[in-house]
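Q: I have a model open and want to learn how to read it. Please take me through it feature by feature.

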Amino acid sequence: FLRYNRSSRTTPLRLTGLVAIAAAILFAVLTTLHFVGIPTSRQTAFILPATLTWSGYVLYHTETRTNNKGQRYQVDTYHDLATHSMRIEMVEDSTVHIAVVSDNHHMLAMDMMHHVAQWRGTERNVDESMFDLPRLRSDLQTHQAVYLGKGHFQGQDVYLVRCDNGLVLLLDMHYRPVNVLKGATGPGTGVPVYDTLRLLSHSEVPNSMWDMHVPPGFQMGTVPQNM
């Protein structure tokens with residue numbers, strides 16, 4: 001016959017209760033992390049490699065916008081990541097209507113349909129701050145940009161970094177830009193800002209793209225900011 005005393009019966013019950021409480025606390029913590037959209041890897045320091053550079057590329061991306069008449073058009077941007085020269089083209093039905101070429105000192109806007117050109121200040125109508133690598137390094141160090149962990153985007157693994165403008169920058173496993181998400185509040189959320197984003201070699205972009213001479217036959221005047 002087996003004999004049971006009070007101590008041999010209460011100890012397993014007490015242990016079972018402690019395990020249940022611990023499990024409940026762990027479940028609550030994991031549930032909270034899930035619903036606020038903070039990956040567990042957020043606690044891991046994210047450091048860009050010291051040898052990383054994007055200066056060997058021209059960043060090309062396309063974005064679909066809607067004008068004040070409800071018509072959709074495309075914005076194509078070429079950004080030389082070494083010199084920060086840019087060319088922005090506003091395209092409708094595969095035809096360039098407005099082209100803007102700029103460096104750090106000048107900006108030339110051209111209405112390609114009406115052959116009008118205009119010199120402007122250096123303020124651009126696209127936000128390229130997320131692709132400024134030195135600034136991104138600094139923002140990560142000062143926590144102005146926050147590493148959110150790893151994710152999956154269009155068939156590839158990516159690092160997710162929330163920038164100070166609220167958008168989430170996606171980097172591939174070689175720390176190169178893949179896309180940007182807006183409205184991202186947790187895992188699996190957010191909409192890509194760009195329809196296409198590619199890193200091009202300088203040999204893929206003709207030098208004429210950066211030409212800031214007023215084309216022959218163009219008159220100086222006022223070029224619309226948008227289509």
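Q: How many helices and strands are there in the chain?
A: Helices (H or I, at least four residues) and strands (E, at least two) are DSSP runs, numbered from the N terminus. In this predicted model, the chain has two helices and 13 strands. Residues are numbered from 1 along each chain as its sequence is written, local features need pLDDT of at least 70, side-chain atom pairs count only at pLDDT 80 or more, and totals for chains, interfaces and linings use all residues. Side-chain values use heavy atoms, leaving out hydrogens and water.

Q: Where is confidence lowest, and where is it highest?
A: pLDDT is the predictor's confidence in each residue, from 0 to 100. Where pLDDT is low, the predicted coordinates should not be read in detail. The chain averages 84, and 81% of the residues score at least 70. Helix α1 (residues 6-35) is lowest, with a mean of 42. Strand β13 (residues 219-220) is highest, at 98. Over residues 1-43 the pLDDT is below 50.

Q: Which residues touch the most other members of the largest nonpolar core?
A: In soluble globular proteins, nonpolar side chains tend to be buried together. A nonpolar core is a set of buried Ala, Val, Leu, Ile, Met, Phe, Trp, Tyr and Cys residues joined through side-chain atoms within 4.5 Å. Buried means under 20% relative accessible area, exposed over 50%, partly exposed in between (1.4 Å probe, protein chains only). Here the largest core has 23 residues, and Phe46, Leu48, Phe131 and Leu136 touch the most other members. α2 (133-141), β8 (156-162) and β9 (168-171) each give two or more residues to this core. α2 gives the most, with three.

Q: What does Leu136 touch?
A: Contact means heavy atoms within 4.5 Å. Not counting residues up to four places away in sequence, Leu136 touches Leu48, Trp54, Met130, Ala145, Val161 and Leu169.

Q: Is Arg65 buried or exposed?
A: Arg65 is buried, because its relative accessible area is 18%. Arg65 sits in strand β1 (residues 57-66). Beyond residues up to four places away in sequence, its contacts include Tyr73, Val75 and Asn226.

Q: How much of the chain is buried?
A: Buried residues make up 37% of the 227 residues.
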